[in-house]
Amino acid sequence: MSLPDPLASRAVLIGTSQYTHLSPLPAVENNLKTLGALLQRSDLWGLPAEHCTIVHNPTSIHAMMDPLWQAGEEARDTLIVYFSGHGLTHSTEGDLYLTLVGSQSERMYSAVSYDTVRNELRVSRARRKIVILDCCYSGLALGLLGTDDVTNHVANSARVNGTYVMTATTENKTALGGLDTYTAFTGELIHFLSEGIPGQPEFLEVDAIYQHARESLRDKGLPIPQKRESNFAAHIPLVRNRAHRSQKRIEANERFGPINGIEPGTLFDSRRALHDAGVHRPLQAGICGTAEKGGAESIVVSGGYKDDEDYGDVIIYTGHGGRDPNTGVQVRDQSADDSGNAALIKSIMTELPVRVIRGSGGNKKFSPNAGYSYDGLFTVADYWTKRGTDGRMVLQFRLEQIGDGNTKRSASPHLSRKLPPGRRVEVAPGIYADRLLATELKQVYDHACQICDTVLEVPGGLRIAATVHIRGLEQPHLGPDNKANLLCLCPNHRDLFKYGAITIEDDLSVIDRTDGEPIGKLKLKHEIDHAHLQYHRQHHTLGHQRLSDELV
């Protein structure tokens, strides 16, 4: 991969900061100067100054469009078009208009229709085109590139390798001009261009810059940008990644567990601050870690998934993947083979602790008002599948807080009261199982596994067996603690059953989920509720080969 040829590329940066009839936007001038300087920096891209045209405070359509037309004629590799200023929307047509110095909201002809810009993009001979719109209602430009539009060629023409459009907001939202040095959206772009993105490759692709800017703005409660791409335009390399070689490396023995000097309850104002402290290293992903390296190191709970549930010391966390990046709607089923999900599954087996960070977008009872809070160590106790709120299958993980730490007591009405030790054992925070039931069931089977008939015996004649609830007792399964919901298994088959590597059919066939083949029949000497077997199959049928390999 290499950067676009700067000699065959062009950039046109347009901005209106002073208006005759609209409110001024002084930050726009800073946007133009800094973006232009960044694109020309030799350590980022090195676009020649004569190939980077800045149009500040255009007073006519010719002043805005002539430089764009010229750049479109000259560009052979990549054409970048940027606009910052007020955006207007037509009251009847709903189209986007880019403003000039003298534009008036009640006179659309005093501004430049984005349709005009789009037509020039369509006829440009540049192989790749990047459009950045930092203005109110800029999301309307995405609709103009839609498949229903007669000039759909802008995004989909066969002779155009790729077009990437990013907008500061949606079609019905205003953008924040900001009172700081830059406008909100452009300020984030400038930050990631100038500072780089740790964990990204040597050359930053345009979509990586957009995604990190979008995540940062969402965390700050600011308007959320949108995008549209065609023909793999997301992978256009834009600049060198200044953080590539300076990325901090954290030793393996520091990846898991607490971070020295960071106590539960510590607040952070951004994902960058979490990264710099080593609490959660990714600047965008919600799960840090891999199965190959022992499991998940940390997760961020910030309300990004509709199916998340936060009860304080217990969190029902929805796995990664399958969401539309613009709408947040689940459009595909999640997979246990996704690296983040596989890491959380591995954490169940390694029992390594996971750092939990809550973002301000989560449950208000336990989340900070702004930014992020590090809320201590949790274990990943269980996982399952379910049909999510948006109709797609999602993976969910039950995390339980370790120790007191900065304990945020459960808000769940389903958890039972605290009981004294003795006959009952706590299987999850506030959830208890009757030890006597498990003992009686083991005696029924003489401590033999109901699947393989194995009896484990230690010196002295002591026999060892394990029991497992078919439908878990804890939230959200809420199965009953009775023998009809219990199996007596060897430790090996208990773990395979618990994590969905094997399931049991109504005819008591035991199925290996990695290949769908039966491996035997369940031996039965007590009554079980087949509804619990059905529930287990529904929520634990994943066919996850790597999981089975770990457990066997």
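**Close-up 1. The largest nonpolar core of this predicted model holds 38 residues.** Met166, Ile209 and Val239 touch the most other members of this core. Helix H6 (residues 184-195) supplies the largest share, 6 residues.

**Close-up 2. Val239 and its contacts.** Leaving aside residues up to four places away in sequence, Val239 touches Leu3, Leu44, Trp45 and Leu193, among others. Its contacts also include Glu202, Phe203, Leu204 and Ile209. Ile209 is, with Met166 and Val239, one of the core members that touch the most others.

**Close-up 3. Helix H6 packs against helix H7 (residues 206-219).** The two axes lie 9 Å apart, at an angle of about 125°. H6 and H7 are therefore oblique to each other. The crossing of H6 past H7 is right-handed. On the H6 side, the contact is made by Ala184, Phe185, Glu188, Leu189, Phe192 and Leu193. H7 contributes Ile209, His212, Ala213, Ser216 and Leu217. Two of these residues, Leu193 of H6 and Ile209 of H7, are also touched by Val239.

**Close-up 4. Helix H2 (residues 61-74) crosses helix H3 (residues 114-123).** Their axes come within 9 Å, and the crossing angle is roughly 15°. That angle is under 35 degrees, so H2 and H3 are roughly parallel to each other. H2 passes H3 in a right-handed crossing. Met65, Leu68 and Trp69 of H2 meet Thr116, Val117 and Glu120 of H3.

**Close-up 5. Asp310 sits in strand S15 (residues 309-310).** The relative accessible area of Asp310 is 10%. Buried means under 20%, so Asp310 counts as buried. Its side chain makes a polar contact with the side chain of Arg358, at 2.6 Å. Beyond four places in sequence, Asp310 touches Ile315, Arg358, Asn363 and Phe366.

**Close-up 6. Helix H13 (residues 530-539) and its cover.** The buried residues of H13 are His532, Leu533, Tyr535, His536, Arg537 and His539. What covers them includes strand S18 (372-387), helix H12 (491-498) and strand S26 (502-504). At the start of H13, Asp529 places a side-chain oxygen within 2.9 Å of the backbone nitrogen of Ala531.

Terms used. Residues are numbered from 1 along each chain as its sequence is written. This is a predicted model: local features need pLDDT of at least 70, side-chain atom pairs count only at pLDDT 80 or more; totals for chains, interfaces and linings use all residues. Side-chain values use heavy atoms; hydrogens and water are left out. A nonpolar core is a set of buried Ala, Val, Leu, Ile, Met, Phe, Trp, Tyr and Cys residues joined through side-chain atoms within 4.5 Å. Buried means under 20% relative accessible area, exposed over 50%, partly exposed in between (1.4 Å probe, protein chains only). Helices (H or I, at least four residues) and strands (E, at least two) are DSSP runs, numbered from the N terminus. Contact means heavy atoms within 4.5 Å. A polar contact is a pair of N or O atoms within 3.5 Å; within protein, one must be able to donate a hydrogen and the other to accept it, and residues adjacent in sequence count only if both atoms are side-chain atoms. Axes are lines fitted to C-alpha atoms, for helices over the stretch in contact, and angles run from 0 to 180 degrees between N-to-C directions. Angles under 35 degrees count as roughly parallel, over 145 as roughly antiparallel, 65 to 115 as roughly perpendicular and the rest as oblique. A crossing is left-handed if the near helix is turned anticlockwise from the far one by less than a right angle, and right-handed if clockwise.
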